[in-house]
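Me: I have a protein model open and would like to learn how to read it. Please take me through it one feature at a time.

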Amino acid sequence: MKIEANSVEEYLNQVPEERKASFRKLYETVSQNLPPGFQDQLSYGMIGWSIPLETYPAGYHCTPNTPLPFINLASQKNFIALYHMGIYANPELLNWFVAEYPKYSPRKLDMGKSCIRFKKVEDIPFELIAELCQKITPEDWITLYEREFKKK
């Protein structure tokens, strides 16, 4: 399921009704807890938070001249997906998140390399996501990105 939207607000309004309140709460949780310097916009057909080109002119190496992505949020067919590049790039952060998750949710963690999937909206651990969002500043992300991903 792909949502066709021209703005973040339009995307939020098109999320299926049964997920809309939880999806908006997750969007607000991320927005309110990311350190200053990340910017939200539509990216890759999802809502995304990235470091703008004004801050990091080198941009994203996979798609030159685009902002450096950090977190994306999507309403998929069977779940809500939160993509967090910091978890993918930083094993210590991944280990922390995996250890903390059972303290906040009765559900088994459903996760890929950077994707956290929430099939039941009532089990989204908003407090844990808020804490996760506070752990990496834009400066931290640029340093981690350049060390782990950028072609040398």
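Reply: Start with exposure. Buried means under 20% relative accessible area, exposed means over 50%, and partly exposed lies in between (1.4 Å probe, protein chains only). At 52% relative accessibility, R147 counts as exposed. E148 has a relative accessible area of 41%, so E148 is partly exposed.

Me: What kind of model is this, and how are residues numbered?
Reply: This is a predicted model: local features need pLDDT of at least 70, side-chain atom pairs count only at pLDDT 80 or more, and totals for chains, interfaces and linings use all residues. Residues are numbered from 1 along each chain as its sequence is written, and side-chain values use heavy atoms, leaving out hydrogens and water.

Me: How many helices and strands does the protein have?
Reply: Helices (H or I, at least four residues) and strands (E, at least two) are DSSP runs, numbered from the N terminus. Here there are 6 helices and 5 strands. Along the sequence the pattern reads α-α-β-β-β-β-α-α-β-α-α. The radius of gyration is 15 Å, close to the 15 Å from the globule rule for 152 residues, so the protein is as compact as a globular protein of that length. That radius is taken over C-alpha atoms, and the rule is 2.2 Å times the number of residues to the power 0.38.

Me: What percentage of the residues count as buried?
Reply: Of the 152 residues, 48% count as buried.

Me: Which residues of α5 are buried?
Reply: They are F126, L128, I129, A130, L132 and C133. That makes 6 of the 8 residues of α5, so this helix is largely enclosed by the rest of the structure.

Me: Where do those buried residues pack?
Reply: Look for contacts, meaning heavy atoms within 4.5 Å. The buried residues of α5 pack against α2 (17-33), β3 (68-75), β4 (80-84), α3 (85-89), α4 and β5.

Me: Which residues are buried in helix α6?
Reply: Helix α6 spans residues 138-148, and P138, W141, I142, L144 and Y145 are buried there. The buried residues of α6 pack against β2 (46-51), β3 and α3.

Me: What about charges: how many side chains are positive and how many negative?
Reply: Lys and Arg count as positive, Asp and Glu as negative; His and the chain ends are not counted. The protein has 18 positive and 19 negative side chains. Each charge is placed at NZ of Lys, CZ of Arg, CG of Asp or CD of Glu. The centres of the two sets lie 8 Å apart.

Me: Which side chain meets D123 in a salt bridge?
Reply: R107 does, at 2.4 Å from N to O. The pair links distant parts of the chain, 16 residues apart. D123 sits in the loop between β5 (115-118) and α5 (126-133), and R107 in the loop between α4 (91-104) and β5. D123 is buried at 12% relative accessible area, whereas R107 is partly exposed at 42%.

Me: Which residues are linked in a network of salt bridges?
Reply: D110, R117 and K119 are. In the salt bridge of D110 with K119, the closest N and O atoms are 3.6 Å apart. K119 counts as exposed, at 57% relative accessibility.

Me: Which residue forms a salt bridge with R147?
Reply: E148 does, with the closest N and O atoms 3.0 Å apart.

Technical notes
Salt bridge = Lys/Arg side-chain N within 4 Å of Asp/Glu carboxyl O.
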